[in-house]
Every structure is written in C-alpha cells, then in structure tokens.
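Work through the exercises below with the sequence and the coordinates open. Each task is followed by a solution in steps.

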Amino acid sequence: MGRWTEAASAARSAGPPATPLVLSATSPGCAVTMASSEEDGSNGGAAEAGEEKEAAGRRRRLGFLATAWLAFYNIAMTAGWLVLAVAMVRFYMEKGTHRGLYKSIQKTLKFFQTFALLEIVHCLIGIVPTSVLVTGVQVSSRIFMVWLVTHSIKPVQNEESVVLFLVSWTVTEITRYSFYTFSLLDHLPYFIKWARYNFFIILYPVGVAGELLTIYAALPYVKKTGMFSIRLPNKYNVSFDYYYFLLITMASYIPLFPQLYFHMLRQRRKVLHGEVIIEKDD
Ligand SMILES: CCCCCCCCCCCCC/C=C/C(=O)SCCNC(=O)CCNC(=O)[C@H](O)C(C)(C)COP(=O)(O)OP(=O)(O)OC[C@H]1O[C@@H](n2cnc3c(N)ncnc32)[C@H](O)[C@@H]1OP(=O)(O)O
C-alpha cells in the first residue's frame, strides 16, 4: 500500500489534478479494500493501522524541525479560525444582523488568511505532499477575495454573500487544521477525519457561491469608479481593466472549481473508503 500511496502522493505533488486511475481492491499486493472500512469493518482496522504506520514513517523522514513547525502552524491556524468563529457567532447574537460583521472580524480574517500563503511554501519545499497547483489555486483565490475584493470594495462588505463564504471558510479551516494537528500527534479522532472529507461536499459549493456572488455585487462599483484600472494613453502604453479582470476571474471558476471539487472527492474515496487512486498525467 505504501508504494501505491507514495506514487499517488508523488503524482499529486507533481502537478494538477489529473486522470485518476482507481486500483481494484482485489489487486494482488494491495493491502486495502475498495469497500469502505466504515461499511464492512473487516479490513478497516488493518488498513488504518497501515496508514498510521506509514504516516509515522513519513514524519520520521520529515525530521523534528519540520514536524514541530507544522504542529505550531496547524495549532495556530486552528486557534485563529476558532477565534473567528466565536467572534462571528457573538456578533450575530449581539446585533442580530450580518451588517457590520465583516468590519468587526476583518483584521483576524486578513491575518490568518494571509498567513495561509505559507501553505504554498510548505508544498514548494516539500514538507507536505500536497500539489502546489491545487494549493496555489485554493490559497490565491482566497487572498484575492480577501484583499482585492472584500477589503478594497467597501460597498460589498455588508452583502449576505460575504457571510456565505466566511462561514464556509471558517468551518472548513477549523476542521482541516485540526485534522492536520491530530494527524501529526498520531491521535486523529474518526469524526474529525469524517468531517474533513464530508463537510466540503456542501461547504465547497456554498463558499464558491458566496465568492462569486460577492464579485458579482462588486462589478457595478468597479465599473463606475474604474478602480485598479490603467487607461491609455500612458507613458508605458499599457492598459488594464479591473472590471474585465473580475469577469474573467468569475469565468475561471467554471473550469477550476470542478477540478478542485473532484480532487476532494477522490481524496475522500481514498481516505474514507480505502480506494487506492493514482493520478496519472494525461
Ligand atoms: C488572481 C486570482 C486567481 C483566482 C482564481 C480563481 C479560480 C478559483 C476557482 C476555485 C476557487 C475555490 C475557492 C475556495 C473556496 C473555499 O475554500 S470554500 C470552503 C470549502 N473549501 C474546502 O472544503 C476546501 C477543501 N480543499 C482542500 O482542502 C484543498 O484542496 C487542499 C487543502 C488545498 C488540498 O487537499 P488534499 O489534496 O486533500 O491534501 P492535504 O489535505 O493537504 O493532504 C495531503 C497530505 O499532506 C498533509 N498535510 C497537508 N498540509 C499539512 C499541514 N499543514 N500540516 C501537516 N500535514 C499536512 C496531510 O496530512 C496529508 O498527509 P497524508 O494524510 O499522510 O497523505
């Protein structure tokens, strides 16, 4: 199993989500079954023990410093997103409206979401085996939403759609970072693993809908003000229209989001149902 998982990890870190090759559960030498360990319970224990052994082996190879850094990073990020969750719930309970919510939590949000740029660095230096491309798209679209849309275009800050993506990001990140933290500590409760690979089914589309609706709400303001745009003539002879840039960004969700979503579905099948999936470049 280790060999296949390492091959899958190598394929993942090498590039974008590609054509998946699902190995039959009954392949000789394949220690996992395609049947869910939740479902049949017969092989789940062995598969899980194997996975834990393999994860422990990977951590040994990672070295103390990298493991300590990742533990610190994940604990800090879990705490940061928990602080955000508490602040949002408290705000709503006190005010009874979403208006003003973004303003009240923006500093914490900007800090922790910007800190997540380190995830691209983690992939680049190889201390986590995630695809640089998948992580890059995920993190850069969030940074874009935080700084170039919600922070910069004040009239959208009170849109309901902002609440949609804030709630979706927050639940996702609390689950994801606690998943990484407990995995590093070798004590991963099953419900966290389950939540990591099930919540996204709803939260991903909800988050993306929130992001797209927020960009859409920003369009009239951007068109009216011409913000972040460069008009001709100028001494560099270049022009840039932020309004069209936003339209192109919205359009880019059409090919990119399904790829990320299907990547997560494949991860779900691998982690929760023990399928061995090798992503093969076309
Ligand atoms: C300029 C503007 C550009 C804009 C472009 C626009 C296009 C955008 C299109 C789409 C936009 C999407 C926007 C996003 C919105 C939302 O987030 S909505 C909220 C819901 N979101 C989600 O549910 C996101 C889910 N996505 C993911 O989780 C990611 O895809 C992922 C984290 C980037 C990758 O997940 P996955 O491939 O499953 O890998 P990992 O979880 O990272 O695991 C791989 C192994 O690596 C270990 N690991 C990873 N990170 C760490 C860490 N920090 N610490 C310790 N270990 C880590 C992990 O444990 C795994 O190890 P093994 O289990 O041993 O294999």
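The exercises go from the overall fold to single residues, and the model they use is predicted.

**Exercise 1. Overall composition**

Task: State how many helices and strands the protein has, and in which pattern they follow along the sequence.

Solution. 
- Step 1. Counting the elements gives eleven helices and two strands.
- Step 2. Read along the sequence, their pattern is α-β-α-α-α-α-α-α-α-α-α-α-β.
- Step 3. Of the 282 residues in the protein, 43% are buried.
- Step 4. Take the contacts between residues at least 6 apart in sequence: 74% of these join residues at least 24 apart.

**Exercise 2. Annotated spans**

Task: Compare the annotation "transmembrane region" with the modelled secondary structure for residues 70-93 and 114-141.

Solution. 
- Step 1. According to the unreviewed UniProt entry, the annotation covers residues 70-93, 114-141, 197-222 and 242-262.
- Step 2. Residues 70-93 are 100% helix and 0% strand, with end C-alpha atoms 34 Å apart.
- Step 3. Residues 114-141 are 71% helix and 0% strand, and here the end C-alpha atoms are 11 Å apart.

**Exercise 3. Thr135**

Task: Decide whether Thr135 is buried or exposed, and list what it touches.

Solution. 
- Step 1. Thr135 belongs to helix H7, which spans residues 132-151.
- Step 2. The relative accessible area of Thr135 is 9%; the cut-off for buried is under 20%, so Thr135 is buried.
- Step 3. Not counting residues up to four places away in sequence, Thr135 touches Glu119, Ile120, Cys123 and Thr130.
- Step 4. Val121 is 14 residues from Thr135 along the chain, and their C-alpha atoms are separated by 9.8 Å.

**Exercise 4. Lys110**

Task: Find which side chain makes a polar contact with that of Lys110, and classify the accessibility of Lys110.

Solution. 
- Step 1. Lys110 sits in helix H5, residues 101-115.
- Step 2. With 12% relative accessibility against a limit of under 20%, Lys110 therefore counts as buried.
- Step 3. Beyond its neighbours within four places in sequence, Lys110 contacts Tyr102, Val146, Trp147 and His151.
- Step 4. With His151 there is a side-chain polar contact of 2.9 Å.
- Step 5. Val146 is 36 residues from Lys110 in sequence, but the C-alpha atoms of the two are 6.7 Å apart in space.

**Exercise 5. Arg176**

Task: Describe the surroundings of Arg176 and state its accessibility class.

Solution. 
- Step 1. Helix H8, residues 160-184, contains Arg176.
- Step 2. Its relative accessible area is 11%, under the 20% limit, so Arg176 is buried.
- Step 3. The side chains of Arg176 and Glu173 form a polar contact of 2.9 Å.
- Step 4. Setting aside residues up to four places away in sequence, Arg176 touches Glu119 and Arg196.
- Step 5. Glu119 is also among the residues that Thr135 touches.

**Exercise 6. Ile230 and a surface patch**

Task: Locate Ile230, classify its accessibility, and name the nonpolar patch residues that accompany it.

Solution. 
- Step 1. Ile230 lies in the loop between helix H10 (199-225) and helix H11 (242-273).
- Step 2. At 39% relative accessibility, Ile230 falls between the 20% and 50% cut-offs, so it counts as partly exposed.
- Step 3. Ile230 forms a nonpolar surface patch with Trp147, Leu148, Phe228, Tyr236, Val238, Phe240 and Phe245.
- Step 4. Together the patch residues have about 730 Å² of accessible area.
- Step 5. Trp147, one of the patch residues, is also in contact with Lys110.

Key:
Residues numbered from 1 in each chain as written. Predicted model: local features only at pLDDT ≥ 70, side-chain atom pairs only at ≥ 80, totals over all residues. Heavy atoms only, no water. Helix = DSSP H or I, 4+ residues; strand = E, 2+ residues; numbered from the N terminus. Buried < 20%, exposed > 50% of the residue type's maximum accessible area, 1.4 Å probe, protein only. Polar contact = N/O pair within 3.5 Å; in protein donor to acceptor, adjacent residues only side chain to side chain. Contact = heavy atoms within 4.5 Å. Patch = residues over 30% accessible without salt bridge, like charges linked within 9 Å, V, L, I, M, F, W, Y side chains within 5 Å. Areas by Shrake-Rupley, 256 points an atom, 1.4 Å probe, with all protein chains shown as cover. Salt bridge = Lys/Arg side-chain N within 4 Å of Asp/Glu carboxyl O. UniProt positions renumbered as here; feature names shortened; annotations may be inferred.
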